[in-house]
Amino acid sequence: MSGIDAIYQDKILAYAADIPRLGKLEDATHKGHAVSRACGSEISVYLKVEDGRIADYAHKVDACALGSAAASIVARCIVGSSVEEVALARAQMEAMLKRDGPVPDGNFAELGVLQSARSLGNRHSSMLLALEASAKALKSEL
């Protein structure tokens, strides 16, 4: 599959077109923001953490199709995940994209749909945005 074909893959486009949990959490305990220098995509995430787990999540997404698809998938699977699982998913996603590693596991396994776009190096940062912003958010409380 060529790089262009990967962008237009039906499943990726379906995720990009249907992003859940849009907006802001008024009772967020953590907030993070990340920007892709390569394409200008950006995301702000709002997390509510209780007992080491993500109890609620919302985000504002302004991203390309690949970044939007990744954000959509993260929004669908992050609630209920532990803080450690989020950090692991971020590391696994980076390894999948940049070092030909396996797809993320556990709650974040669906991010594997983006494996077909790993040849698009200039889009790696946009596909990592939701997890990058979440990891940043979890390092400090509001």
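**Figure 1. Cys-39 and Cys-64 in the predicted model.** Cys-39 is partly exposed, with a relative accessible area of 28% (buried is under 20%, exposed over 50% and partly exposed in between, using a 1.4 Å probe and protein chains only). The closest cysteine sulfur to that of Cys-39 belongs to Cys-64, at 4.3 Å, which is too far for a bond. Cys-64 is likewise in no disulfide, and the structure holds zero disulfides (a disulfide is a pair of cysteine sulfur atoms within 2.5 Å). This is a predicted model, in which local features need pLDDT of at least 70 and side-chain atom pairs count only at pLDDT 80 or more, while totals for chains, interfaces and linings use all residues. Residues are numbered from 1 along each chain as its sequence is written, and side-chain values use heavy atoms, with hydrogens and water left out.

Figure 2. Ser-41 sits in the loop between β1 (30-35) and β2 (42-50) (helices, H or I of at least four residues, and strands, E of at least two, are DSSP runs numbered from the N terminus). With a relative accessible area of 3%, Ser-41 is buried. Apart from neighbours within four places in sequence, the residues in contact with Ser-41 include Asp-62, Ala-63, Cys-64, Ser-126 and Leu-129 (contact means heavy atoms within 4.5 Å).

**Figure 3. Ala-71 in helix α3.** Ala-71 belongs to helix α3 (residues 65-77) and counts as buried at 2% relative accessibility. Leaving aside neighbours within four places in sequence, Ala-71 is in contact with Ile-43, His-59, Val-61 and Ala-130. The C-alpha atoms of Ala-71 and Val-35 are separated by 13 Å, the two residues being 36 apart along the chain.

Figure 4. Helix α5 (residues 124-138) has 15 residues and should span 21 Å at 1.5 Å a residue, which agrees with the 21 Å between its end C-alpha atoms (the expected span is 1.5 Å times one less than the number of residues). At Ala-130, α5 bends by about 45° (the bend is the angle between axes fitted to the seven residues ending there and the seven starting there). Twelve of the 15 residues of α5 are buried, among them Met-127, Leu-128, Leu-129, Ala-130 and Leu-131. The buried residues of α5 pack against β1, β2, β3 (53-62), α3 and α4.

**Figure 5. The Arg-90 and Glu-132 pair.** The side chains of Arg-90 and Glu-132 meet in a salt bridge, 2.5 Å from N to O (a side-chain nitrogen of Lys or Arg within 4 Å of a carboxyl oxygen of Asp or Glu). Arg-90 lies in helix α4 and Glu-132 in helix α5, so the pair ties together parts that are 42 residues apart in sequence. Arg-90 is buried at 16% relative accessibility, whereas Glu-132 is partly exposed at 25%. Leaving aside neighbours within four places in sequence, Arg-90 is also in contact with Leu-128 and Leu-131.

**Figure 6. Other salt bridges.** The whole structure contains nine salt bridges. One of them joins the side chains of Arg-21 and Asp-56, at 3.0 Å from N to O. Arg-21 is in the loop between α2 (10-17) and β1, and Asp-56 is in strand β3, 35 residues apart. Arg-21 counts as partly exposed at 34% relative accessibility, as does Asp-56 at 24%. Glu-50 forms a salt bridge with Lys-48, with the closest N and O atoms 3.5 Å apart.
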